[in-house]
Amino acid sequence: MIVHLLEFRVVPGHEAEVAGYLSHEVQAASASDGLISRFVGRRLSAQGREHVAATTWRNEASLARGTGPEGLPAYLGGASSMLGDKAASTYRVVASTGLGSEGARVLRLYRTSIAADSVGLWKRRTLESVSQLVSIEGLLTAVAGVDIGGDQSAEHAGEACVVVMTAWTEWNRLLVATGGRLNEAILDTDLVDIEGPATTDHFELLKEDPRPG
C-alpha cells in the first residue's frame with residue numbers, strides 16, 4: 001500500500017468555497033480504482049487555509065492513475081484553481097492497524113528521519129510499536145510508512161523520511177495517548193535511538209455535508 005499526502009493552502013478569499021467543496025464533493029465522490037481510504041482536514045490556524053488530503057492507495061500503479069502531475073488527487077480536481085502552495089509526498093506502508101475512518105475527527109502526522117541504513121530496523125520495530133496501538137481507545141487508524149522518493153539534498157544525504165499517520169475519534173483520546181504532549185510520540189512507541197527530531201501536525205477532519213448533490 002502507498003500513502004499519499006498532499007498539503008496545500010487555500011487561495012485567500014476562497015476559504016468558504018473550498019470548505020464547502022471539501023465537505024460535500026470530495027467526501028461524496030466515488031472511490032477510484034485502487035483507492036483504499038482518504039482523509040481530508042484543515043488546521044485550526046492560519047485562517048483555516050492550511051489543509052491536508054491523506055489518501056491510501058493499493059499500489060503505485062493505482063496512485064499514478066488517481067493523481068495528476070502535481071500530485072493532485074483526481075477528487076480534488078474541481079477545486080484546483082483555488083489551491084496554492086501544494087506539497088506532495090508518498091510513503092510505502094510498512095505497518096498498519098487497519099484503515100477505519102468512520103467517526104474520525106482528528107488526523108495526526110508524526111514525521112521524522114532515520115539513517116538510510118536503519119530502515120530495515122525501523123520497519124521491524126515499527127511493526128511491534130504499531131501492533132501495540134490496536135487497543136488504544138479512540139484510535140481508528142495507524143499507518144507507518146517510509147518515503148518512496150527520499151530526500152536527495154546534501155543536507156539530508158543518507159537519511160530516509162518516515163511517517164506515522166493516525167486517525168482519532170476525538171482530541172481527548174489523543175491527549176491521553178500522548179500523555180498530554182501532543183508533539184511527542186504516542187506513549188511507549190518512540191524509537192528515540194534511531195529516529196531524529198520529529199514534527200507532529202494535527203488536522204481537524206472535515207465531516208461530510210449531508211446536502212444532496
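Of the contacts in the protein between residues at least 6 apart in sequence, 78% join residues at least 24 apart, where contact means heavy atoms within 4.5 Å. This is a predicted model, in which local features need pLDDT of at least 70 and side-chain atom pairs count only at pLDDT 80 or more, while totals for chains, interfaces and linings use all residues. Residues are numbered from 1 along each chain as its sequence is written, and side-chain values use heavy atoms, with hydrogens and water left out.

**Overall architecture**

- The protein contains four helices and eight strands; helices (H or I, at least four residues) and strands (E, at least two) are DSSP runs, numbered from the N terminus.
- Read from the N terminus, the order of the elements is β-α-β-β-α-β-β-α-β-β-α-β.
- Of the 213 residues in the protein, 46% are buried; buried means under 20% relative accessible area, exposed means over 50%, and partly exposed lies in between (1.4 Å probe, protein chains only).

- Rolling a probe the size of a water molecule over the atoms shows where empty space is left.
- On a 1 Å grid over the protein atoms alone, a cavity is a set of points where a 1.4 Å probe fits but cannot get out, and a pocket is an open set with protein on both sides within 12 Å along at least five of seven lines; lining residues have an atom within 4 Å of a point.
- Grid points are joined across faces, edges and corners, and a volume is the space filled by probe spheres set on the points.
- The count by this rule is one cavity of 30 Å³ or more.
- The volume of the largest cavity is about 170 Å³.
- Its lining is made up of 15 residues, and Tyr110, Ser129, Val164, Ala185 and Thr189 lie nearest the centre of the largest cavity.
- Two or more lining residues come from each of β5 (106–115), α3 (119–131) and β7 (159–168).
- Helix α3 gives the most to this lining, with four residues.
- By class, the lining of the largest cavity comprises eight nonpolar, four polar and three charged residues; Ala, Val, Leu, Ile, Met, Phe, Trp, Tyr, Cys and Pro count as nonpolar, Asp, Glu, Lys and Arg as charged, and the others, Gly among them, as polar.

**Second largest pocket**

- The second largest pocket holds about 190 Å³ of space.
- Among the 16 residues that line the second largest pocket, Tyr110, Glu184, Ala185, Asp190 and Val192 are the closest to its centre.
- The lining of the second largest pocket divides into eight nonpolar, three polar and five charged residues.

**Ring interactions**

- The number of aromatic pairs is zero; rings of Phe, Tyr and Trp (its six-membered ring) pair if their centres lie within 6.5 Å, and planes under 30 degrees apart count as stacked, over 60 as edge-to-face and the rest as tilted.
- The charged end of Arg38 sits over the ring of Tyr75, at 5.0 Å from the ring centre; a charge sits over a ring if NZ of Lys or CZ of Arg is within 6 Å of the ring centre and within 35 degrees of the ring normal.

**Residues in strands**

- Ser89 belongs to strand β4 (residues 83–99) and is buried, with a relative accessible area of 18%.
- Neighbours within four places in sequence aside, Ser89 is in contact with Val3, His4 and Leu5.
- Asp85 also lies in strand β4, but Asp85 is exposed, with a relative accessible area of 60%.
- The phi angle of Asp85 is near 50 degrees, a positive value in a residue other than glycine.
- Val143, in strand β6 (residues 139–147), counts as buried at 2% relative accessibility.
- Val143 and Thr126 are 17 residues apart in sequence, and their C-alpha atoms are 9.8 Å apart in space.

**Residues in loops**

- Arg58 is located in the loop between β3 (50–57) and α2 (60–66) and counts as exposed at 52% relative accessibility.
- Apart from neighbours within four places in sequence, Arg58 is in contact with Met1, Gly34 and Ile36.
- From C-alpha to C-alpha, Arg58 and Ile36 are 6.5 Å apart in space, and they are 22 residues apart in sequence.
- Glu170 is located in the loop between β7 and α4 (171–177) and counts as partly exposed at 33% relative accessibility.
- The C-alpha atoms of Glu170 and Leu139 are separated by 8.8 Å, with the two residues 31 apart along the chain.
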